[in-house]
Amino acid sequence: MDFHTSEHIAGVGSRFDPHEFAGALRRAGADGCLAKARCHHGWCYYPTEIGEPHPHLECPDLVGGIIGAARSVGVSPMLYITVGWDEKTARERPEWRQRHPDGTHVGAPDGEPGWRNICLNTPYADFVEELWRELLGRYDFDRVFFDIVMYGEDGCSCEWCLAGMRREGLDPDSRADRRRYAFGSRERFMGRMTAAGAAAKPDVPLYYNNPWHVSAHPEACADRFLRHQQFMCIESLPSGFWGYDHFPFQACYYGHKGLDIYSHTGRFHTAWGDFGGLKNPAALEYECLRHAAYGIKTAVGDQLHPSGAIEPYTAELLAGAFAKLKPWQELLLGAEPVYEVGILVGTGTDPDAPFETDNVPETGAMRMLLERQTPFRLFDGFEADWPVRLMILPDHVHLDDERKAKVRRFIASGGKVIASGVSGVGLEEWPVEGIEPYPFQPAYLHPAGEGLLWDYHFALYQRSWRVKARPGARVLAVLAEPYFNRTAEHFCSHRHAPVRGDTAAPAVCVNDSVAYVANDVFRGYRRNGYAVYKRLVHELMDRLLPDPLVRTNCPTTAELTLRRRDDSLLICLLHYCPQRRGQDIDIVEDAQALAGVSLGLRVEGRPQAVTLEPEGVELEWEWSDGYARVQLPLVRGSAVVMLHGAGSG
Ligand SMILES: [Zn+2]
């Protein structure tokens, strides 16, 4: 329940009625709710001696009211405290604001509406800690959400940070050093709040919300920040800037880190603060079921009207989605994920890598797997082992010595690899060696008559690489070059120049364990959506894994996840098909039909029964060649197929 309320609005909390609030929680079927102690405008909603209550707060203890209302109906309250965005502080103590290296402020420009960022190295951190201690002594809550614990890409150059960097021997003129210092500052702040919390309420878990980095640079490595989280919340409102691809990416990474984990969507048509904007019921249903399909708990963001009055329809909207969600959660939460392909992200491996988060190739790889209904997860290389049969190293995975050794052990124990771009080149297990940038972009890929794709010169829109095949490796396609790159000096027609002819440089090269593509093919799929790239990777997967875990005729729009509960396997199917209907927004309005779907799952034991859940309807099935095969009835939007007694393998 968001509640960021301007001081220019009167009568705040005047219509808050704890009975009405509790009734809405009950009608929605919620089991948790959020109480905002302090909002991004910098105002508190309780009688504080440290901060300042909202100047027009008419319900003196809204925080206590919400917590009490929640408790009265058995709903678990979570406390919310803003950190990095604070308008009141930005106004009153501009010297505490984060600064860019040129001295300008970070966040919304002066004179424009929007949030401004406060630095955690200023005395502001002492203020937040005092407020936190006050709240610890005053209220009974089950979890805490510290919001906006973050720095921008440039770090901060305020006077406290400049002095701090000099003290630590860092160079404030170096972007890398500024970021290194900012990441350290964030960790210090989290450590302080955690220590204060642990002293007063050791059983209350804390979460620090910030933009999560799955980035190659060690300082920006997500693994380091996870150490500070006592639970995890993936903030991902698909109709906001996050889009529908953000959640599965995050879920397939953070969902495997052993933390109690929620994901936030919102009841908004767009995102936070969208008063009067309601999400389509089918979209909310999809987003909630999708959380369960990935084994993650659901939170749905709403925003309370400044008066505190309840909008009755919201409870109805949530109740519809939660009614569908509940049986899915009973089946799927706590069930163990099952997957056979991994995507290795280069997080934390390359000290020379830029700090920027660039998950474009990984997201391209993820889409190729989603569209083929291949169960997968993301690895960062900190894992002890990779329990998959095939690992994808998309485009830009730099391997440090430790990860090089892991990749070699993985291959030695029978693991297969698909790599592209610079990933892993140099390892003697690779079918190619030597790498330098290819001078043409786009280049062309020409299959070499080895059964890959078909005879055509396919445009490679993204960067290509010149490598040499190692002895014994098979070249499945070569690079072909255009007449020239499109430049001011020479260009041809509306776009890139046509192909001039083949070269001897491999474009796709394989050995028994590794398939290598000399192009940033995963970035290409994400940026350009050329289905040939996906088909290329799928054909390589077929060669390396001729007996995949899942065989199905599902269309590319269907999403499949697989989980194991006791000795049963649960196949979740979702089919809602977001479509770009607004210029900048993907819309889901209907649960889409899936007709004539056949599913084959490779299982070690013959199942005892196959049912469609949560209805519990028995399905006809066959068992042959190690696959349980089932023909599904018409599915509308969602289905769980349960293979009873087949999960022991
Ligand atoms: Zn600073």
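Colleague: Is Asp-625 buried or exposed?
Modeller: In this predicted model, Asp-625 is exposed, since its relative accessible area is 70% and the cut-off for that class is over 50%.

Colleague: Where is Asp-625 found?
Modeller: Asp-625 is found in the loop that runs between strand E29 (621-624) and strand E30 (627-631), and its phi is positive, at about 50 degrees, although Asp-625 is not a glycine.

Colleague: And Cys-577, what about its phi?
Modeller: Cys-577 also is not a glycine and has a positive phi, of about 55 degrees, and its place is in the loop between strand E22 (568-574) and strand E23 (579-582).

Colleague: Why does Cys-577 count as partly exposed?
Modeller: Its relative accessibility is 23%, and because buried means under 20% and exposed means over 50%, a value in between is called partly exposed.

Colleague: What volume does the second largest pocket have, and how do its lining residues divide?
Modeller: The volume of the second largest pocket is about 450 Å³, and its lining is made up of nine nonpolar, seven charged and four polar residues.

Colleague: New topic: which residue does a cis peptide bond join to Pro-442?
Modeller: Gln-441 is joined to Pro-442 by a cis peptide bond, with omega at about -5 degrees, and Pro-442 sits in the loop between strand E13 (432-437) and strand E14 (443-447).

Colleague: What about the bond from Glu-613 to Pro-614, cis or trans?
Modeller: That peptide bond is cis, with an omega near 5 degrees, and Pro-614 is in the loop between strand E27 (609-613) and strand E28 (617-618).

Colleague: Last one, Leu-378: buried or exposed?
Modeller: Leu-378, which lies in strand E10 (residues 376-379), has 0% relative accessibility and therefore counts as buried, the cut-off for buried being under 20%.

Colleague: Which residues is Leu-378 in contact with, leaving aside neighbours within four places in sequence?
Modeller: With those neighbours set aside, Leu-378 is in contact with Phe-249, Cys-252, Tyr-253, Ile-343 and Val-345.

Colleague: And how far apart are Leu-378 and Arg-26?
Modeller: Leu-378 and Arg-26 are separated by 352 residues in sequence, and the C-alpha to C-alpha distance between them is 37 Å.

Definitions and conventions. Residues are numbered from 1 along each chain as its sequence is written. This is a predicted model: local features need pLDDT of at least 70, side-chain atom pairs count only at pLDDT 80 or more; totals for chains, interfaces and linings use all residues. Side-chain values use heavy atoms; hydrogens and water are left out. On a 1 Å grid over the protein atoms alone, a cavity is a set of points where a 1.4 Å probe fits but cannot get out, and a pocket is an open set with protein on both sides within 12 Å along at least five of seven lines; lining residues have an atom within 4 Å of a point. Grid points are joined across faces, edges and corners, and a volume is the space filled by probe spheres set on the points. Ala, Val, Leu, Ile, Met, Phe, Trp, Tyr, Cys and Pro count as nonpolar, Asp, Glu, Lys and Arg as charged, and the others, Gly among them, as polar. Helices (H or I, at least four residues) and strands (E, at least two) are DSSP runs, numbered from the N terminus. Buried means under 20% relative accessible area, exposed over 50%, partly exposed in between (1.4 Å probe, protein chains only). Contact means heavy atoms within 4.5 Å.
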